[in-house]
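Please look over the sequence and the model shown below. The notes after it take up a few topics in turn.

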There are 2 protein chains.
Amino acid sequence: MSRRIRLTLEYDGTDFAGWQLQPGQRTVQGVVEAAAGKLLSLDDRVMVQASGRTDSGVHALAQVVAVDDPRAMPLEAWDEGLHRFLPSDVAVVGATLAEADFDPRRNATGKRYVYRIWNGPSRRPLRRRSSWWLPRPLEVPAMQAAAPLLLGHHDFSSFRAARCNAKSSHRTLTRLEVEGESGCEVRITAEGDGFLRHMVRIIVGTLVEVGELRRAPESVGAVLEARDRRSAGRTAASEGLTLEEVYYD
Amino acid sequence: MSRRIRLTLEYDGTDFAGWQLQPGQRTVQGVVEAAAGKLLSLDDRVMVQASGRTDSGVHALAQVVAVDDPRAMPLEAWDEGLHRFLPSDVAVVGATLAEADFDPRRNATGKRYVYRIWNGPSRRPLRRRSSWWLPRPLEVPAMQAAAPLLLGHHDFSSFRAARCNAKSSHRTLTRLEVEGESGCEVRITAEGDGFLRHMVRIIVGTLVEVGELRRAPESVGAVLEARDRRSAGRTAASEGLTLEEVYYD
């Protein structure tokens, strides 16, 4: 009998064209499906479903995915055994047996992302894969004053990419925290029941414009109300973003 | 009149065959000398001297180097301007005017290195470039008991690579600290007046064998006394090592 396996994956998104399978591109889904196919010795495509897509360059500390195992292999085969077929920038950090109807996207009740900005004057090679470099000092307290205005249940149309095709643009943001110091690392944590395409990166880009004193902190409420992408800030670079956790009941 | 410039460099050593120039290899020295040559528009080789070589795969947060500038360009040319010619894995994080006889290697009074071990059960892609992965839990208190035995002025013959050609094998280790937790990150900080070839990595490899309970903490003193490379532990992987600071009077 086929068993459904839930895997937790960590990946360095730098050298991937995002999660989603695309012909001719190196994607995390492509690499994981190929590895699962080899593990199961199946010629047909092995489908791996994720809690959501991550964009090109975006990292994951704990992406949750599901895969069906018609061979009912021991869990260690999925945990340790799959590594033989995975490249060094993707790893399984957990494997458990899931309910037959487990859907990592639909069943997710929330997600936490962290966004890192390196705000020092010099480009930093050891941070280049994990942080957005903004050399101009950011006014962190202004960003901290603006962030709470986005908390709660809202229509986040202003903070969604043009190509976003989610049916509803309503989401609930339960945490938006700006930590760190101007001139050093600034870290933004965003948690909510779900995120629209580019939502975290547009929120970060907008908060950065507040930190650059190009927008008043209180103007962020008006951006929400505008329900128009053009009223928000630029989209922050993908390399700063990491999916840290996906929540399930 | 030619001016001597002191540069502080950060680099991600992953994709370099170490600091030192080698024909047909991508080295940090090669890349920095080529960039300096372009900045100065000189056809002859521009020589860049470092505080010491770093091995293939070893990182630097603050390598100190010196270069002569016959064109007496403004310091900003060295700081910001050189970046135009440097790849993303090397950067100048500081540039100052140096005395004409400044020698980054001979004038250095000490160095600080940090070595990172990822001691969790799973391979971690986001740490793979900066940490040595050791899945078996390390007994950190045993490592902490062993470390102080290496402090002070000693003949470190047991902790030098076979190919090390330093004249004296005597060095003074002023700090050797093991921090962190078994199952998570373990960090080893080593500071001293100078280091022999592979010295930090052999010290780490020996402390790891103490943490694996394959050596008693107190046996480390006997390793020193043996003055024989074979009495020490294995050489820790290069990816965990970062040159953090070079000290000058």
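The paragraphs below go through the relation between the chains, their interface, and one cysteine.

The model is predicted. Chain B can be superposed on chain A by a rotation of 180°, with 0.0 Å of shift along the axis and an RMSD of 0.0 Å. The two copies are thus related as by a two-fold rotation axis. Within chain B, Arg129(B) has the C-alpha nearest this axis, at 5.3 Å.

Next comes the contact between the copies. Chain A gives 24 residues to it, and chain B likewise gives 24 residues. Of the interface residues of chain B, 100% are also interface residues in chain A, so the copies meet through the same surface. The area buried between chain B and chain A is about 1800 Å², and 49% of it lies on carbon and sulfur atoms.

The polar side of this contact can be counted in two ways. Between chain B and chain A there are 14 residue pairs in polar contact, with both residues at pLDDT 80 or more. Salt bridges between chain B and chain A number four. A salt bridge joins Arg124(B) to Glu10(A), and its closest N and O atoms are 2.3 Å apart.

Which elements of chain B give two or more residues to the side that touches chain A? They are strand S1 (3-11), strand S3 (59-69) and strand S4 (90-98) of chain B. S4(B) supplies the largest share of that side, with four residues. By residue class, the side of chain B that touches chain A holds 11 nonpolar, eight charged and five polar residues.

Cys184(A) sits in the loop that runs between strand S8 (170-180) and strand S9 (185-192) of chain A.

Leaving aside residues up to four places away in sequence, Cys184(A) touches Ile117(A), Trp118(A), Asn119(A) and Gly120(A). For one of these residues, Ile117(A), the separation from Cys184(A) is 67 residues in sequence. In space, the C-alpha atoms of Cys184(A) and Ile117(A) are 8.4 Å apart.

Notes: Residues numbered from 1 in each chain as written. Chains lettered and ligands numbered in written order. Predicted model: local features only at pLDDT ≥ 70, side-chain atom pairs only at ≥ 80, totals over all residues. Heavy atoms only, no water. Contact = heavy atoms within 4.5 Å. Buried area = accessible area lost by both parts, 1.4 Å probe. Salt bridge = Lys/Arg side-chain N within 4 Å of Asp/Glu carboxyl O. Polar contact = N/O pair within 3.5 Å; in protein donor to acceptor, adjacent residues only side chain to side chain. Nonpolar A, V, L, I, M, F, W, Y, C, P; charged D, E, K, R; others polar. Least-squares fit on C-alpha atoms with pLDDT ≥ 70 in both.
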